Amino acid sequence: WPNDGELIEVECSLATYDDMNNIDVFPLDAIDECDQDLEYEIVEGSVVLMSGGCLGTWYRQWMATDDCDNVSYADQYVRLLDTTMPTWDDLPADLGIAVNANCEAAYDTSVTGVPTAHDNCDVCFDVNLTIEFSDADPVYTCEHDDDDQEGTRYIDRTWTVTDQCGNANTHVQRITLADETAPEGYAYYVE
C-alpha cells in the first residue's frame with residue numbers, strides 16, 4: 001500500500017457517507033508481486049467521520065485480497081473542505097409599509113419575510129447554516145425645516161447566511177416606512 005495513511009483534502013460535496021463506502025471514490029491501490037488483479041473493499045463499519053478540519057475528516061479502512069486469500073489493510077483519511085459560500089434560494093423583496101397616525105409601523109420578519117438558503121455541504125450535514133439579520137439606523141427622507149427626524153424613512157436590513165466553516169453571503173433588503181397621512185388641522189373661530 002504505497003498510500004497507506006494518506007490524507008487527502010476535498011470539497012465536502014464530493015465526499016458523502018455513501019461516497020466513503022464506495023471503492024471507486026478516491027481509490028487506493030495495493031501492490032502484490034504475484035497478483036496484479038486484487039480485490040478491494042472498504043472494511044464494513046470502518047467509515048467514521050472524525051473531528052479535524054472545519055467539517056471533519058472521514059476515516060476508512062481498505063482491504064485488499066489476492067487470489068490466495070492473503071489480506072492486507074490500509075488506512076485513508078479524507079479531510080472535508082468548504083471554501084464555497086452559501087447560496088440564497090428565496091430572498092424577501094424590498095417593500096414599502098405605510099405608517100399609522102403615530103408614524104409607526106411593524107416591520108418584523110413576520111411582515112417583511114425571511115430568506116432561505118442552501119450550502120454545497122448540505123449533502124453531508126443536516127444543520128450547516130445560520131441566517132441572521134441586522135437593521136441599520138433609519139434614514140429619513142422627508143424635507144423639513146426643523147431638527148426633528150420624522151416622516152418617511154427607510155431601513156436597510158442586512159441578511160447574512162453563514163455556514164459552519166465561516167463562509168458567508170449577504171443580501172440587503174430595503175424596508176421603506178412611508179408617511180402617507182396628510183396632516184389634520186382644525187380652525188377655530190375667534191371673535
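The link between Cys 12 and Cys 121 is left-handed, with -85° about the S-S bond. The sulfur atoms of Cys 12 and Cys 121 are 1.5 Å apart, and the two residues form a disulfide (a pair of cysteine sulfur atoms within 2.5 Å). A disulfide is a covalent bond between the sulfur atoms of two cysteines. A search of the whole structure finds one disulfide.

The structure is a predicted model, in which local features need pLDDT of at least 70, side-chain atom pairs count only at pLDDT 80 or more, and totals for chains, interfaces and linings use all residues. Residues are numbered from 1 along each chain as its sequence is written, and side-chain values use heavy atoms, with hydrogens and water left out.

Helices (H or I, at least four residues) and strands (E, at least two) are DSSP runs, numbered from the N terminus. Both Cys 12 and Cys 121 are buried. Buried means under 20% relative accessible area, exposed over 50%, and partly exposed in between (1.4 Å probe, protein chains only).

Cys 68 is in no disulfide, and the nearest cysteine sulfur, that of Cys 34, is 7.5 Å away. Cys 68 counts as exposed, at 62% relative accessibility.

Aromatic rings form another set of contacts. Rings of Phe, Tyr and Trp (its six-membered ring) pair if their centres lie within 6.5 Å; planes under 30 degrees apart count as stacked, over 60 as edge-to-face and the rest as tilted. By this rule there are five aromatic pairs. Two of them are described here.

| Pair | Centre distance | Plane angle | Type |
|---|---|---|---|
| Tyr 40 and Trp 62 | 6.4 Å | 85° | edge-to-face |
| Tyr 59 and Tyr 77 | 5.3 Å | 50° | tilted |

Tyr 40 lies in strand 2 (residues 39-42) and Trp 62 in strand 4 (residues 57-65), so this pair ties together parts that are 22 residues apart in sequence. Trp 62 is buried, with a relative accessible area of 1%, whereas Tyr 40 is partly exposed at 23%. Ring pairs link Trp 1, Tyr 40 and Trp 62 into a cluster.

Charged side chains also meet rings. The charged end of Arg 157 sits over the ring of Phe 133, 4.4 Å from its centre (NZ of Lys or CZ of Arg within 6 Å of the ring centre and within 35 degrees of the ring normal). Arg 174 lies over the face of Tyr 154, at 3.7 Å from the ring centre.
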